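Please look at the sequence and the structure before reading on.

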Amino acid sequence: MPRSMAPPPSGEFSIRLTKPFTAPSTSKIEIIGEPNRPATIKHTTHVGAQNQTLIIKEGSINAEDSNELMDLIRPLAGLPSDPNEDVYGLDARLDVATFEVQWDNGEEVEGAEAKSNPTGENKQMFRDVVESIEALTRLKAKERTS
């Protein structure tokens, strides 16, 4: 049964990119913010024997980068998704919750195109968003010091 996702409160947005597609994840990037304002970014990585070591990097994204990211994400609404298969081939799960877009490539989303059937254009759009999120993370998130 498709899940119905409610938009976040007061225009806030939340973006979560996890790898691999299926649990347990070893890498999670979270970006939370509001339109036209800076956003926070947090990258959590599990490494080492049995993924027991945790590396956390944090930072912020300026309002201009946040708005560019929102522009990239907007077209994801309605793209195919499948809870059982990585249909985009990147071994990544992207969960987006904005006022305009509630989409997760690992869930059945109401109103999405036929699952398991993304076009080449859909796959490229997904890849562009994932690569943009990863690039922002490399540039903006720095390892936390104790």
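Which residues do ring pairs link into a cluster? Ring pairs join Y88, W103 and F126 into a cluster. The model is predicted, so local features need pLDDT of at least 70 and side-chain atom pairs count only at pLDDT 80 or more, while totals for chains, interfaces and linings use all residues. Residues are numbered from 1 along each chain as its sequence is written, and side-chain values use heavy atoms, with hydrogens and water left out.

**Aromatic rings**

A pair of aromatic rings is described by the distance of the centres and the angle of the planes. Rings of Phe, Tyr and Trp (its six-membered ring) pair if their centres lie within 6.5 Å; planes under 30 degrees apart count as stacked, over 60 as edge-to-face and the rest as tilted. The structure holds three aromatic pairs, and two of them are set out below.

| Pair | Centre to centre | Angle between planes | Class |
|---|---|---|---|
| Y88 and F126 | 4.4 Å | 20° | stacked |
| W103 and F126 | 6.0 Å | 65° | edge-to-face |

Helices (H or I, at least four residues) and strands (E, at least two) are DSSP runs, numbered from the N terminus. W103, in strand β6 (residues 102-104), and F126 are 23 residues apart. Both Y88 and F126 are buried, meaning under 20% relative accessible area with a 1.4 Å probe and protein chains only. W103 is buried as well.

**Paired strands**

Two strands pair if DSSP finds at least two bridges between them. Strand β1 (residues 13-19) pairs with strand β2 (residues 27-33) in the antiparallel sense over seven bridges, and I15 stands opposite I31 in β2. Five bridges join β1 to strand β5 (residues 93-97), also antiparallel; here the bridge partner of L17 is L94.

**The largest pocket**

A pocket is an open set of points on a 1 Å grid over the protein atoms alone, where a 1.4 Å probe fits, with protein on both sides within 12 Å along at least five of seven lines; lining residues have an atom within 4 Å of a point. The largest pocket is lined by 13 residues, of which P35, M70, R74, T98 and E100 lie nearest its centre. Helix α1 (residues 63-73) gives the largest share of this lining, four residues.

Notes. Buried < 20%, exposed > 50% of the residue type's maximum accessible area, 1.4 Å probe, protein only.
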